[in-house]
Amino acid sequence: MLKTETADNWWKSAVVYCLDIEKYFDANDDGVGDIDGLCQRIDYLAELGVTCLWLMPFMPTEGRDDGYDITDYYGVDPRLGDHGDIVELIRTAKDRGMRVIMDLVVNHTSHKHPWFVKARSSKNSPYRDYYVWRDEPPKDTSDEVVFPDAEESLWELDKRTGQYYLHNFYSEQPDLNIANPAVQEEIAKIIGFWLQLGMDGFRVDAVPFFIEERGIPKEWSDIYSDPHEYLREMTAFLKRRRGDAMLLGEVNLEYQDQLDFFGGPDGDELTMMFDFELMQRTYLSLARQDATEMARTLKRRPRLASNNQFANFLRNHDELTLDKLSDTERQEVFDAFGPQEDMQLFDRGLRRRLPPMVDGDPRQLRMMYSLLFALPGTPVLFYGEEIGMGENLDIPGRLAVRSPMQWTSDKNGGFSTVAPSRLVAPVTEGGYGPEHVNAEDQRADPDSLLNFVSLLARRYRECPEVGMGEAEVLEHEAPSVLAHRCTWNPFGGGNASSVLVHNLSPEATSITVTLEDVEEGTFVLDLFSGDRHEVTKGGKLSLEVGAYGHHWLRILLPGDRRLH
């Protein structure tokens with residue numbers, strides 16, 4: 001088991017990279033990124049150290065929600081390519097050592113999906129119960145809507161049939177009736193189809209909304225008595241079809257509730273989940289230049305089953321949600337990282353990328369990306385993070401962070417050769433525009449952020465204890481410093497153990513931590529500087545930590561025969 005765990009549970013030591021195909025690289029010069037263009041950039045991703053490629057929706061869409069309003073679950077958006085292109089992409093990625101996962105968006109469909117078109121044609125349609133309907137006008141749900149800038153209710157009147165349909169998101173995205181066995185069968189077919197084409201798993205969109213029973217009539221609720229039992233069945237189906245496939249869930253809930261979505265001690269529901277709680281506490285700690293909140297959060301992180309994992313991120317494709325913070329705490333983060341009103345969204349999040357949030361300070365950026373890779377779990381990057389791209393606030397809403405990838409300093413950042421007016425989205429301008437931030441220049445610069453992130457990916461892969469092992473927060477005297485230890489016993493003889501240290505302050509400091517099981521005279525190796533530090537009596541390890549300093553320190557324990 002120990003020798004094969006890193007292969008069987010590959011997601012526990014993966015470097016995940018999320019991208020939107022239409023914003024990545026335009027190979028046929030029509031202004032829209034395409035699958036062929038992504039294939040041409042696979043070697044770039046391999047050099048970066050990516051081992052798992054996460055594709056945002058690439059299926060046919062009405063374009064009302066940047067691809068998340070799907071009209072055909074088995075199709076490929078013709079602007080991007082076809083099924084042959086997808087198969088070639090998967091094959092090319094796997095040839096470079098990359099797994100491929102895709103978004104599974106089955107909480108809702110587009111209102112133009114054939115199922116909904118048929119469902120709203122008549123109350124007697126066989127597809128009517130694919131969706132959730134009610135006769136009576138709903139109560140006021142304006143305080144429950146996800147997008148308060150666009151919607152006032154979770155229910156929309158369908159004038160043709162006189163009934164209201166449920167939509168947790170936009171009104172153009174009617175919710176599926178997950179209690180209906182026919183819908184469950186459709187979802188299984190969708191999963192099976194894409195697994196057969198070579199996908200290694202799915203990022204499951206909006207899981208709590210997906211399995212909830214809100215608005216479902218009693219006759220369906222009686223059938224659907226346990227939503228988590230359905231999630232277990234869905235996972236079991238996935239594993240029958242592909243034993244090493246995984247489900248990465250979007251579940252923005254408190255830790256105790258997340259445990260339910262993992263499947264509790266059995267871990268038989270979602271394989272992985274994003275740690276929204278830790279992400280939000282990270283930004284609060286950064287705003288305060290005090291690691292206390294992060295340390296507290298890591299300490300209360302629940303212990304998971306051996307086949308489960310948390311995924312860590314600093315940014316993703318949506319707004320930087322801060323909904324788990326109090327109003328006062330959220331304002332602290334706004335004041336530090338997004339003080340202008342147009343940088344904020346829904347009064348609960350930021351529509352910014354990380355580099356502009358820290359005014360491009362290379363010390364902070366390197367410390368924060370080191371922290372991302374060092375946190376216990378699996379790191380997830382959003383495209384462009386590796387080169388320090390900024391947002392484009394001229395693009396409305398959450399889409400501000402989804403501008404085209406910046407490859408060169410040429411026109412349109414090398415994304416496409418068409419006139420800027422024909423681009424799928426405008427390229428970022430100003431200090432974070434392509435003339436200042438692009439992959440080509442950074443590939444040639446050994447001291448660039450791109451090369452630093454690539455080194456981080458390599459160190460993370462060389463230290464599987466960070467993703468696979470047990471984590472312990474280390475106590476010390478400097479509030480601005482987060483120090484934790486990750487330990488794993490992979491080969492049955494001697495532990496793999498590392499101490500990870502990050503200073504959230506612009507002031508240098510020093511710390512002393514206690515490694516209780518480490519003997520006096522043991523050395524620790526700094527994996528970035530090459531310096532060695534000696535553990536003294538009582539397992540004491542003393543370190544100087546520079547302004548926004550960061551250290552990855554491998555404890556050179558007996559039995560650790562890795563390259564140093």
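Reply: Let's look at the second largest pocket, which holds about 500 Å³ of space. A pocket here is worked out on a 1 Å grid over the protein atoms alone: it is an open set of points where a 1.4 Å probe fits, with protein on both sides within 12 Å along at least five of seven lines, and its lining residues have an atom within 4 Å of a point. Points are joined across faces, edges and corners, and the volume is the space filled by probe spheres set on them.

Before going on: this is a predicted model, where local features need pLDDT of at least 70 and side-chain atom pairs count only at pLDDT 80 or more, while totals for chains, interfaces and linings use all residues. Residues are numbered from 1 along each chain as its sequence is written, and side-chain values use heavy atoms, with hydrogens and water left out.

So who lines this pocket? There are 24 lining residues, and Pro302, Leu304, Gly469, Glu470 and Ala471 are the closest to its centre. Two or more residues each come from helix H12 (292–300), strand S10 (309–312), helix H18 (465–468) and strand S15 (470–473). Those labels are DSSP runs numbered from the N terminus: helices are H or I with at least four residues, strands are E with at least two. S15 gives the largest share, four residues.

By class, the lining has 10 nonpolar, seven polar and seven charged residues. Nonpolar covers Ala, Val, Leu, Ile, Met, Phe, Trp, Tyr, Cys and Pro; charged covers Asp, Glu, Lys and Arg; the others, Gly among them, are polar.

Where does the pocket sit? Domain 1 (10–105 + 353–460) and domain 3 (467–555) both contribute to the lining, so the pocket lies between them. The domain bounds come from an automatic or database assignment.

S10 pairs with strand S14 in the parallel sense over two bridges; pairing needs at least two bridges found by DSSP. Ala311 stands opposite Thr378 in S14. Strand S1 (residues 16–19) also pairs with S14 in the parallel sense, over three bridges, and Cys18 stands opposite Phe382.

S14 itself (residues 378–382) is largely enclosed by the rest of the structure, because five of its five residues are buried, meaning under 20% relative accessible area with a 1.4 Å probe, protein chains only. Thr378, Val380 and Phe382 point one way, and Pro379 and Leu381 the other. In a regular strand, side chains alternate between the two faces of the sheet.

Note on methods:
Buried < 20%, exposed > 50% of the residue type's maximum accessible area, 1.4 Å probe, protein only.
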